[in-house]
Amino acid sequence: MMSQTDETPAVAKRRDNNMAESNNQSAETKLSDVHKRIKAAFETFDNAANNTVDVREIGTIIYSLGCFPSQADLHDFIAEVEEDHSGYIHLDRFLPAMTKVLLEHKFPPIPKDLLLQAFEVLDKDNKGYLEPEELTKYMTQEGEPFTQEEMEEMLTGLADHERNVIYYKDVINQLAIDPDM
Amino acid sequence: MGCGTSVATETQGKRVERDEAVQTPGPALTMKAAVLIQRWYRRYMARLEMRRRYTWNIFQSIEYAGEQDQLQLSSFFSFMLDNFTQLNGNGPDLISQLLDPVVDPWLDREICYSLILVPESYSGPRLSFPLSVSDTNALLAAFKEQQTLHARYVLQLLYETKKLLKQMPNIIHLSTSYTKEITICGDLHGRLDDLLLIFYKNGLPSAETPYVFNGDFVDRGKKSVEVVILLFAYLLLYPDNMHLNRGNHEDYIMNLRYGFTKEVMQKYKTHGQEILQLFQDVFSLLPVATVIDGKILIVHGGISDQTNLDFLSSIERHKVKSALRFPKRSLEQLDIGQSCRLTKRLRLTDGSRPSSSRSHSKNQRTQNQRRCGLSRQDMPFLDSLTSVPLPSPPQNEQEWKQIVDVLWSDPKIQEGCSPNTFRGGGCYFGPDVTQRLLLQHGLQLLIRSHECKQEGYELCHGGQVITIFSASNYYEEGSNRGAYIKVGRELVPRFYQYQVSRTTRKLTLTQRVRAAEGSALRALKEKLFAHRSELMCGFQEYDQNYTGRVSVSEWALVLEAVLRLDLPWRTLRPHLARLAPDGSVEYQSCFEDMGPGIPLPQVTSNLAETLFRYRTDIEIIFNIIDKDHSGLISIEEFRHTWRLFSAHLGVAIDDSAIDDLARSIDFNKDGSIDFTEFLEAFRVVHKLDSKDPHLSEKMSRKKYS
């Protein structure tokens, strides 16, 4: 049975590693470290140096902090923190909301085997790979659809160069996320 | 999962035997699967974007820090030149002879090139003056085929260009009323491919397609000679439709460091020196600004609050041969202050840089530290500060400042104008400064270059300032696009972007980011290595018990205090240092990956670090001393230079250590040193990287093929 809330041992371990920095520290230090991480990520996108970021960058910032929200999750989050549809989000509102997300592990990472199962659902004929047209159909018509740009980049990035198909098992392993912050 | 169970396959492509019939999963499940994959992939792309941004930050910080060092060195030169008449009894003005060569009057006469014989076997273009379209076409074809133009024609081209430029004013006024649209290009930096791509997309220069090239044609790229020859050729062919502004790299001292001098000497072994001499003259004769329809001002760098276009029009621009030679000062005016640390230039631009607000407050702090008396201003060279009096500077200094401001300044977000007293020239100018100048001269737009931008262009100061940059992939393959502007009678700029690709196969974003990131991190690690002892001191202050560990915050603090690169250290930490099980940083691990090129037994680690840090500066000094560019200098010269250098570095390295070093490097014991070999020892090798640095370039080419 496929479920999005199952936490495999791998996930738990990763979460514990994330907390490694704070294991031997007091609650205040731990909180302060979390705040520092959030601020550091936020500042990278704060181009005008006035503690605001464009709302369209929020997804990137949250992802970069180790979270895996869906688009729906993002919309909910933004609704909470955006300044009256101004298109901007201020650090003052982002910081507490994001701190909560991190401390509560609200958007945990997707375990590899779950991801594999997802691909297998789409690979109806059980070929072990997906044709570009198949993947395009699903990614652009189902779920939270990709834009054409996103789709092109995905195909260029994931397709095997000789056969022009997507060997999803390889891809899952290749696209290993770089060392976590 | 419906009725059919899916079994995870171990290998790909094998059909899975099943007992049950294959059933199509229901729509709900398909949707769930799709959402999961999309979530995963989007997050991956977002992480990539983060990496791309901080890679960009690293390149920019290091580039600007490098240029800062460069200018430190030149203030040292100027000081030496003006004040030391004897160097340890080795005769008068050793340095002045080197930096201020007497101009060879031979070069101003036509026969400087006409006596050079072009052999029958030469298959490159044979130019005939005045140039015609067939000559420029021949040049284009030849350069595409990797041919080199014969020295005779180079000299003749430069001679003719010099004649033409002498007739031009400092500021060129253009009008759109007789033309279709004017195309404005930014830095090219020796990238022939980008220039050819622009010509391909936009058309060759002609009466219908006029161009303005906004400086920095040379240095850094490998085809500076070809780029600048083409630009000058079109200038001669269409003097009314081709316009070149001087950039800060059209400067012979910059060329010594950033590659143009080397390239010329490699391509022209016999006549290289004469060619360089003529280039020096031609560069200083390039106009410094262009104005379109009295409304759009185009300069390479920017402006300062002192910029006055009328004054700028009146000065003798060719007298400022190099921005890096400060106007003369007398000995009494100078007074060596205490040794202080180098303070790096602080970047305060909008766009690609994070935490500008943090930089600003840092700037304030260091200003306070530097103040040594109200009537004097501090100017550093290398690690000491020199204190000079403030009252009105002599005429030639004002002229020098006007030109340097226009070639070296950068816009910043905050209001005001902060002259960079460390550089002695160039400013950071705020939106108010822009506004004031535009109003004063009835202008509506400032177009400048000088800074690399991700998309090839960037607007700031509410759209009143445009930065245009035309060298794509400037830092690394895939790092940025190039762009050019087209502007017609309505004076509304339109942007055209492009990117040169070395390979025919399209690179994925991942590959490009990885390549750029690798390159940036290597450069950053070298910076860490070059400041190892200071960093270790800093770490140990937080680690009194010698555990070898500090917290991540402390680690980041030390790095920023020592290196002053204003980078997101916490984000970069995984690439630079190891964590202990308790989450603290093992700070020694920062330096594990690096080692010296060729271990020389006489070289203690202290000396090694110093030589490594100032390696580029030392290379420049050697290049200057080595007048015939043979790659060799005498041991005596080596000793003298080293003594001068170390005196101002405040580094205690005794003469005998240097003598030992010199003798050991003189491998063939003939009294001269091959300094390329010497410098090889102080190149850093990345132990975990490709073994042979010359291989790494070949390897990176292979990776994409």
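Trainee: In what order do the strands of the open sheet with β18, β19 and β20 of chain B run?
Mentor: The order is β18-β20-β19, and the pairing is antiparallel. Before we go on, a word on the source: this is a predicted model, where local features need pLDDT of at least 70, side-chain atom pairs count only at pLDDT 80 or more, and totals for chains, interfaces and linings use all residues. Residues are numbered from 1 along each chain as its sequence is written, chains are lettered from A and ligands numbered from 1 in the order in which they are written, and side-chain values use heavy atoms, with hydrogens and water left out.

Trainee: Why are β18 and β19 of chain B called edge strands?
Mentor: Because each pairs on one side only; they cover 549-550 and 578-579.

Trainee: What makes β19(B) and β20(B) a pair?
Mentor: Two strands pair if DSSP finds at least two bridges between them. Here 2 bridges join β19(B) to β20(B) (residues 585-586), so they pass. If you want a spot to look at, B:Leu579 stands opposite B:Val585.

Trainee: And how do you know that β14(B) and β15(B) pair?
Mentor: Same test: they have 4 bridges, in the antiparallel sense, so they qualify under the rule of at least two. B:Cys460 has B:Val465 as its bridge partner. The two strands form a hairpin with 4 residues between them, and B:His461 in the turn has a positive phi of about 50°.

Trainee: What share of chain B is buried?
Mentor: Buried means under 20% relative accessible area, exposed over 50%, and partly exposed in between (1.4 Å probe, protein chains only). By that rule, 59% of the 705 residues in chain B are buried.

Trainee: How many helices and strands does chain B have?
Mentor: There are 24 helices and 24 strands. They are DSSP runs, numbered from the N terminus: helices are H or I with at least four residues, strands E with at least two.

Trainee: Which helix of chain A has the lowest mean pLDDT?
Mentor: pLDDT is the predictor's confidence in each residue, from 0 to 100. Helix α1 (residues 9-18) of chain A has the lowest mean, 54, among that chain's elements, while helix α5 (residues 91-103) has the highest, 91. Chain A averages 78, and 81% of its residues score at least 70.
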